[in-house]
Amino acid sequence: LLPGDFILAYRLPFGIHAAGIHLGGRLPSRGEVVVFRCPQNNKNFCVKRVVGLPGDRIQIVKKRLYVNGNVADYKSLGRVPEGLLFEEKFPRFRQEIIIAEEGGSLDTPVTVVPPNQVYVLSDSRDVGEDSRNWGPVPVSLLQARVLLVWMSFDWKGQGFDIRWNRLFSAVH
């Protein structure tokens, strides 16, 4: 996802929230992009990718993601204004991520994801907050699964351009 993307999300896969009660739903899959209330400011929504499920051991070493001791495969896809674009691939999921060329995220200790929680990361790994900052997210806080980008604006000063190639594109 890029700044200026408007998304369509499906609210039911992770259950229903009513009167402070969470009913039903399923555990998200690794690689799914989810929407939830931000832990540090519950007035805002966060959109992040699930990389760890209950019981998983998650760690980042030299900007590389490890899940249960296995490091992802990384394929360089070139440069973007924010840094270097990579395909990050595990046997059952893959995503495109952006890693800053210099500075950015530090190594993390091994985190074991508790029951009924998930570990989420930003696809732009060196920008914003995610589970590295506030820990795993309870599944009960998940609001929706992101399906697609239905509109995308590239903001330029006082105006904007429409990113036509992103309209109705799937998020995976």
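Here are some questions and answers on how features of this predicted model get their labels.

The model is predicted, with local features needing pLDDT of at least 70, side-chain atom pairs counting only at pLDDT 80 or more, and totals for chains, interfaces and linings using all residues. Residues are numbered from 1 along each chain as its sequence is written, and side-chain values use heavy atoms, with hydrogens and water left out.

Q: Why is Lys 63 called buried?
A: Buried means under 20% relative accessible area, exposed over 50%, and partly exposed in between (1.4 Å probe, protein chains only). Lys 63 has 18% relative accessibility, so it counts as buried.

Q: Why is Asn 116 called exposed?
A: Asn 116 has a relative accessible area of 59%, so it is exposed. This residue lies in the loop between β12 (111–112) and β13, and its phi, near 60°, is another positive value in a residue other than glycine.

Q: Why does Arg 49 count as buried?
A: Because its relative accessibility is 3%, Arg 49 counts as buried. Arg 49 is found in strand β5, and a polar atom of its side chain lies 2.6 Å from the backbone oxygen of Gly 31.

Q: How do you know that Cys 38 and Cys 46 form a disulfide?
A: A disulfide is a pair of cysteine sulfur atoms within 2.5 Å, and the S to S distance here is 2.1 Å. The count by this rule comes to one disulfide. The link is right-handed, with 120° about the S-S bond, and both Cys 38 and Cys 46 are buried.

Q: What makes a set of residues a nonpolar core?
A: Such a core is a set of buried Ala, Val, Leu, Ile, Met, Phe, Trp, Tyr and Cys residues joined through side-chain atoms within 4.5 Å. The largest one has 13 residues, and those with the most contacts inside it include Val 34, Phe 36 and Val 118. Strands β4 (33–38), β5 (41–52) and β13 (117–121) each supply at least two of its residues, with β4 giving the most, three. Apart from it lies another core of 11 residues, among them Val 51 and Phe 90.

Q: Which residues line the second largest pocket, and how are they classed?
A: The lining is made of Arg 30, Val 67, Asn 68, Asn 70, Phe 90, Pro 91, Arg 92 and Phe 93. By class, four are nonpolar, two polar and two charged; Ala, Val, Leu, Ile, Met, Phe, Trp, Tyr, Cys and Pro count as nonpolar, Asp, Glu, Lys and Arg as charged, and the others, Gly among them, as polar. Lining residues have an atom within 4 Å of a point of the pocket, which is an open set on a 1 Å grid over the protein atoms alone, where a 1.4 Å probe fits, with protein on both sides within 12 Å along at least five of seven lines.

Notes:
Helices (H or I, at least four residues) and strands (E, at least two) are DSSP runs, numbered from the N terminus. A polar contact is a pair of N or O atoms within 3.5 Å; within protein, one must be able to donate a hydrogen and the other to accept it, and residues adjacent in sequence count only if both atoms are side-chain atoms.
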